[in-house]
Amino acid sequence: MSSFAGRMKEYPNVSLDRFDRENLHARAYFLSHCHKDHMKGLKGPLLKRKLKFSLTVKLYCSFVTKELLLSNPKYGFWKDHVVALELESPTQISLIDETSGEKEEVVVSLLPAGHCPGSVMFLIEGAQGTVLYTGDFRLAEGDAARIELLHSGSRIKDIQSVYLDSTFYDPRYYQIPSREACLSGIRELVRDWLSRSAYHVVWLNCKAAYGYEYLFTNLGEEFHSQIHVNSLDMFKNMPEILSHVTTERATQIHACRHPKNEEFLRGTRLPCGSWSTDGTPLKIISIKPSTIWFGERTQKTNVIVRTGASSYRACFSFHSSYCEIRDFLSYLQPINIFPSVIPIGRTHADVTELLKPMCRSVSSSAVIYRPLGTLKRARQDQPPSVRLILCLFYATH
Ligand SMILES: [Zn+2]
């Protein structure tokens, strides 16, 4: 859950993923993805009023995020103020003070974040240096080296600050199985159950948020079945997802939710009320995609764990693991790292302390008393693969 207050030290004239309080004064807004904890104040009356009188204030996001946002009528008033930007295509934006006319120029690039449909990270370059706001992200180890815009030529850019999705920056989440491994575990469980009879049904106990589409589309394709959901509204502008979901209840895979009780599943009845197709009661298993629950296990577990007679937990993460974040930061070597999320059961001080060794100044001071210190300079003139090895060395020794 993001606790980012909206503004970066370097570019306080823009606000990201937070739209209330002092963010009401921003000259431009950025939305990394459509999750509620990143949209605070976005439909507020004060902001609505500000837009009415402003000629220059815009909200920048990806094309998919724009579609998702405007599919909810509560955000309809943003329609003429949302500017969708192409992924990985640097765009110059003038931040204009509407009273004095004073201008600040920045170049903004959207980088893929792998968190949910439309999610991006924002790379902002300007007079105050290069900063990266990650929003929420899940990148695999080695992914940063493949993002061209983090480099100038073969060198990594000099990154002043990273505003980081630190949801799982905690050794409890040292490694989280890859998205593919989690999906394949769920797929096998679903296959085994559905193959028993037409009355065998699976209920995916998902929260009401974007992010599970990856699961829906893959299971839909694999089992030539549509997934039952409460409403198609949120997918109405996303044909590739829309074709895999339905509001028809006669399907063997459900991700519907009870209007009042999120955990609702009673015996042979699904949250949508279905209990049979032709008088024969359904045989239902529930699968709850979880990450934190898996992080709390003291012993290494499978990606699927049976938690009751007909209930299962499946490992599924929208956020990078501790190892993946370390890999990402070791590669970027930012001077400052600001956590946007406090892992459950930790404090801001805990996570800041854990992030310290990943900041460049700390690695540099390590260089002073280590004979391998001169290799540090390789950062400037070696290809990325060599730099990665060195960075990992500094991070782990
Ligand atoms: Zn999110």
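The charged end of R179 sits over the ring of Y214, 5.9 Å from the ring centre. A charge counts as sitting over a ring if NZ of Lys or CZ of Arg is within 6 Å of the ring centre and within 35 degrees of the ring normal. R297 likewise lies over the face of W293, at 3.8 Å from the ring centre.

The model is predicted: local features need pLDDT of at least 70, side-chain atom pairs count only at pLDDT 80 or more, and totals for chains, interfaces and linings use all residues. Residues are numbered from 1 along each chain as its sequence is written, and side-chain values use heavy atoms, with hydrogens and water left out.

Aromatic pairs were searched over the whole structure, giving 17. Rings of Phe, Tyr and Trp (its six-membered ring) pair if their centres lie within 6.5 Å; planes under 30 degrees apart count as stacked, over 60 as edge-to-face and the rest as tilted. The Y163 and F338 ring centres are 4.9 Å apart and the planes lie at 20 degrees, so this pair is stacked. It links distant parts of the chain: Y163 belongs to strand β11 and F338 to strand β19 (residues 336-339), 175 residues apart. Helices (H or I, at least four residues) and strands (E, at least two) are DSSP runs, numbered from the N terminus. Y163 is buried, at 3% relative accessible area. F338 is partly exposed, at 27%. Buried means under 20% relative accessible area, exposed over 50%, and partly exposed in between (1.4 Å probe, protein chains only). Y163 and F338 also belong to one aromatic cluster with F4 and Y133.

Y210 and F235 form an edge-to-face pair, with 6.5 Å centre to centre and 80 degrees between the planes. Y210 lies in the loop between β12 (200-204) and α4 (213-222), and F235 in the loop between β13 and α5 (239-242), so the pair ties together parts that are 25 residues apart in sequence. Y210 is buried at 8% relative accessibility. F235 is buried at 2%.

Salt bridges come next. A salt bridge is a side-chain nitrogen of Lys or Arg within 4 Å of a carboxyl oxygen of Asp or Glu. The count by this rule is 14. One of them joins the side chains of K157 and E125, at 3.2 Å from N to O. K157 lies in the loop between β10 (155-156) and β11 (159-164), whereas E125 is in strand β7 (residues 120-126), so the pair ties together parts that are 32 residues apart in sequence. K157 is buried, with a relative accessible area of 12%.

D170 bridges to R172, with the closest N and O atoms 2.8 Å apart. D170 is buried at 0% relative accessibility, whereas R172 is partly exposed at 31%. In the salt bridge of K356 with E353, the closest N and O atoms are 3.1 Å apart. K356 is partly exposed, at 44%. E353 is also partly exposed, at 49%. A network of salt bridges links R187, E188, R191 and E222.

E125 also takes part in strand pairing. Its bridge partner in β8 is T130. Two strands pair if DSSP finds at least two bridges between them. β7 and β8 run antiparallel and are joined by five bridges. They form a hairpin with two residues between them. Strand β8 (residues 129-133) is mostly covered, with four of its five residues buried.

H228 lies in strand β13 (residues 227-228). The residue is buried, with a relative accessible area of 5%. A polar atom of the H228 side chain lies 3.4 Å from the backbone oxygen of T247. A polar contact is a pair of N or O atoms within 3.5 Å; within protein, one must be able to donate a hydrogen and the other to accept it, and residues adjacent in sequence count only if both atoms are side-chain atoms. Neighbours within four places in sequence aside, the contacts of H228 include T246, T247, E248, R249, H254 and C272. Contact means heavy atoms within 4.5 Å.
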